Amino acid sequence: MHLDLYTDRQREEVRRLLTIGAKQYPWRYPQHADYVVLQDPDGNLFCVVRKPHAKGEEGKS
């Protein structure tokens, strides 16, 4: 099983996960990757994916 977490605040979520025990995983990313691969304390990989904005939602919080 592989877990993908979707967020519209990817950078903040990755920072939060790193502070609670996740580790950055040395992944070879394609040029315009919309995800970051992390590793949980048990060694499981998971992705934090930047959720695309729906039309007309740019700038909304």
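Colleague: What pLDDT does the protein chain average?
Modeller: The average is 89, and 87% of the residues score at least 70, where pLDDT is the predictor's confidence in each residue, from 0 to 100. This is a predicted model, so local features need pLDDT of at least 70 and side-chain atom pairs count only at pLDDT 80 or more, while totals for chains, interfaces and linings use all residues. Residues are numbered from 1 along each chain as its sequence is written, and side-chain values use heavy atoms, with hydrogens and water left out.
Colleague: And in what order do the strands sit in the sheet?
Modeller: The open sheet has four strands in the order β1-β4-β3-β2, with mixed pairing; strands (E, at least two residues) and helices (H or I, at least four) are DSSP runs numbered from the N terminus, and two strands pair if DSSP finds at least two bridges between them. The edge strands, β1 and β2 (23–24), each pair on one side only.
Colleague: How many bridges join β1 and β4?
Modeller: Five, in the parallel sense, with β4 covering residues 45–50, and Tyr6 stands opposite Val49 in β4.
Colleague: Switching topic, which residue forms a salt bridge with Glu13?
Modeller: That is Arg16, with the closest N and O atoms 2.7 Å apart; a salt bridge here is a side-chain nitrogen of Lys or Arg within 4 Å of a carboxyl oxygen of Asp or Glu. By this rule the count is one.
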